[in-house]
Amino acid sequence: MKFWFGKSDDEEKKQASEAAPAPAAPVAAPPPPPPQPAVKPIWVKPAVGTPPPPAANPERPAAAAAPAPSAPAADTLVRPQANQRALYYQMMNALYDAVVLLDDHGHIVDTNTRVESVLGYTREELWDATATTLIPGLNPQVFAQMISSLHGDRRVLINARVHRKNGTVFPAEVSAGLINLRGENIVLAIRNIEKRMPARAMVRPAAAKPPVS
């Protein structure tokens, strides 16, 4: 059998004080954190149409901004036009035939360089001469008939006898056409065919012989 006897108030306080744990020593405050480097601001996406700034490279110095290209001068925007007169003479002088340019009255207004080697006349000597100087058969009546035949984008081919400056004559094929330069002009291209004549003379008698039976 166990008996429990109560304790006085003083004894309970003494016993409680002895049983209570000793107060803990004050804990030291933690040291402040080391300073952090400054945080770069976050790049905000620009508006549409604005290019983003280039990323900086710390190992390479930033290059100087390239100057904006200047607008081209006004005269560089215009394509240079070819000299039409130079092209005209290049075309005329590149032709093999002797070329004579006539006005609508049959007067010579221009020639190519081939005329001098074929006919013996210079360009200045034939200036304002009539077509009959070279082709006597091209009289005003024949000339008018030729012009009427040329309209409608047509061509005319004439077998004629052409006179040189030294008085000699040679057979020629003369092709005629219309061109609009200063009004209506007639172009005559004269080709010497005297080298063909012996061949033609040999072909014609052979063709006239009756076939051998």
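This is a predicted model: local features need pLDDT of at least 70, side-chain atom pairs count only at pLDDT 80 or more; totals for chains, interfaces and linings use all residues.

Author: Residues are numbered from 1 along each chain as its sequence is written, and side-chain values use heavy atoms, with hydrogens and water left out.

D110 is buried, with a relative accessible area of 8% (buried means under 20%, exposed over 50%, partly exposed in between, with a 1.4 Å probe and protein chains only). Its salt-bridge partner is R123, with the closest N and O atoms 2.6 Å apart; the term requires a side-chain nitrogen of Lys or Arg within 4 Å of a carboxyl oxygen of Asp or Glu. R123 sits in the loop between α3 (114-119) and α4 (140-150) and D110 in strand β2 (residues 108-111), so the pair ties together parts 13 residues apart in sequence. Helices (H or I, at least four residues) and strands (E, at least two) are DSSP runs, numbered from the N terminus. R123 is partly exposed at 35%.

The whole structure holds five salt bridges. Among them is R164 with E194, at 3.3 Å from N to O. R164 lies in the loop between β3 (156-163) and β4 (169-180), and E194 in the loop between β5 (184-192) and α5 (197-208), 30 residues apart. Here R164 is buried at 18%, while E194 is partly exposed at 36%.

E173 and R196 form another, at 3.2 Å from N to O. This pair joins strand β4, which holds E173, to the loop between β5 and α5, which holds R196, 23 residues apart. E173 is buried at 19%, and R196 is partly exposed at 33%.
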